Amino acid sequence: MASTAAATGTTTAKRKPVFVKVEQLKPGTTGHTLTVKVVDANPVVPAARKARPGVSMGRPSQPSRIAECLIGDETGCILFTARNDQVDLMKPGETVILRNSRIDMFKGTMRLGVDKWGRIEATEPASFTVKEDNNLSLVEYELINVTDQ
């Protein structure tokens, strides 16, 4: 029988979050904790799905709200994809802490996102100014497969 932490009376010590700067983000990485300012937030209108003849669309689902937000710190900026309730927190001028965020690739460019395993928290206004001339989402990456000869 396996013992659990609660049954043995031991608790696992939570690690202190390691805060990273925007310029340290790399494609395909996860688990980032950042303090950033929201520079701009633009709602994205999702494309309507067309019904195919003879195929039922099922019940209509709640449309998801998506916003593309330009966020950053004193080292650079990146596009953040806010979904549903996250859109309400990402208002221009707000300072937020993104916990357990990850880099998603979209058309060869980096986008930051927070899924169900992460969290967005509003915090007190930060004193830094966002370095908007170092936008990591403008850098285009190309996947190259390396094979041994």
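The legends below describe close-up views of a predicted model of one protein chain.

The chain has 149 residues, of which 30% count as buried.

**View 1**

**View 1. Methionine 90 and its contacts.**
Which residues does methionine 90 touch, not counting residues up to four places away in sequence? They are Val38, Ala41, Cys69, Ile71, Phe80, Ala82, Val96 and Ile120. One of these, Cys69, is buried, because its relative accessible area of 0% falls under the 20% limit.

Valine 38 belongs to strand S1, and valine 38 counts as buried because its relative accessible area is 3%, which is under 20%. When neighbours within four places in sequence are left aside, valine 38 is in contact with Leu70, Ile71, Met90, Lys91, Pro92, Gly93, Glu94 and Val96. Although valine 38 and valine 96 are 58 residues apart along the chain, their C-alpha atoms are separated by 7.7 Å.

Leaving aside neighbours within four places in sequence, the contacts of threonine 81 are Ile66, Ala67, Glu68, Gln86, Arg111, Leu112 and Gly113. Between the C-alpha atoms of threonine 81 and proline 43, which are 38 residues apart along the chain, the separation is 9.8 Å.

**View 2. Lysine 21 and glutamate 74 form a salt bridge.**
Side chains of opposite charge can pair when their charged atoms come close. In the salt bridge between lysine 21 and glutamate 74, the closest N and O atoms are 2.7 Å apart. This pair links distant parts of the chain, since lysine 21 is in the loop between helix H1 (5-8) and S1, while glutamate 74 is in the loop between S2 and S3, 53 residues apart. Lysine 21 is partly exposed, at 34% relative accessibility, and glutamate 74 is also partly exposed, with a relative accessible area of 34%.

**View 3. Arginine 65 and aspartate 88 meet through their side chains.**
The two side chains form a salt bridge at 3.2 Å, N to O. Here too distant parts of the chain are linked, with arginine 65 in the loop between S1 and S2 and aspartate 88 in helix H2 (residues 86-89), 23 residues apart. Arginine 65 counts as partly exposed at 38% relative accessibility, and aspartate 88 is partly exposed with a relative accessible area of 41%.

**View 7**
How many salt bridges does a search of the whole structure find? The search finds 7 salt bridges, including one between aspartate 104 and arginine 102, whose closest N and O atoms are 2.8 Å apart. Aspartate 104 is partly exposed, with a relative accessible area of 27%, and arginine 102 is partly exposed at 28% relative accessibility. Elsewhere, a network of salt bridges links Arg99, Arg119 and Glu121. A charge also meets a ring in this model, for the charged end of lysine 37 sits over the ring of phenylalanine 128, 5.5 Å from the centre of that ring. The structure holds 0 aromatic pairs.

**View 4. Cysteine 69 and cysteine 77, two buried residues.**
A disulfide is a covalent bond between the sulfur atoms of two cysteines. The count for this structure comes to 0 disulfides. Cysteine 69 has a relative accessible area of 0% and is buried, and cysteine 77 is likewise buried, with a relative accessible area of 0%.

Note on methods. Residues are numbered from 1 along each chain as its sequence is written. This is a predicted model: local features need pLDDT of at least 70, side-chain atom pairs count only at pLDDT 80 or more; totals for chains, interfaces and linings use all residues. Side-chain values use heavy atoms; hydrogens and water are left out. Rings of Phe, Tyr and Trp (its six-membered ring) pair if their centres lie within 6.5 Å; planes under 30 degrees apart count as stacked, over 60 as edge-to-face and the rest as tilted. A charge sits over a ring if NZ of Lys or CZ of Arg is within 6 Å of the ring centre and within 35 degrees of the ring normal. A disulfide is a pair of cysteine sulfur atoms within 2.5 Å. Buried means under 20% relative accessible area, exposed over 50%, partly exposed in between (1.4 Å probe, protein chains only). Contact means heavy atoms within 4.5 Å. A salt bridge is a side-chain nitrogen of Lys or Arg within 4 Å of a carboxyl oxygen of Asp or Glu. Helices (H or I, at least four residues) and strands (E, at least two) are DSSP runs, numbered from the N terminus.
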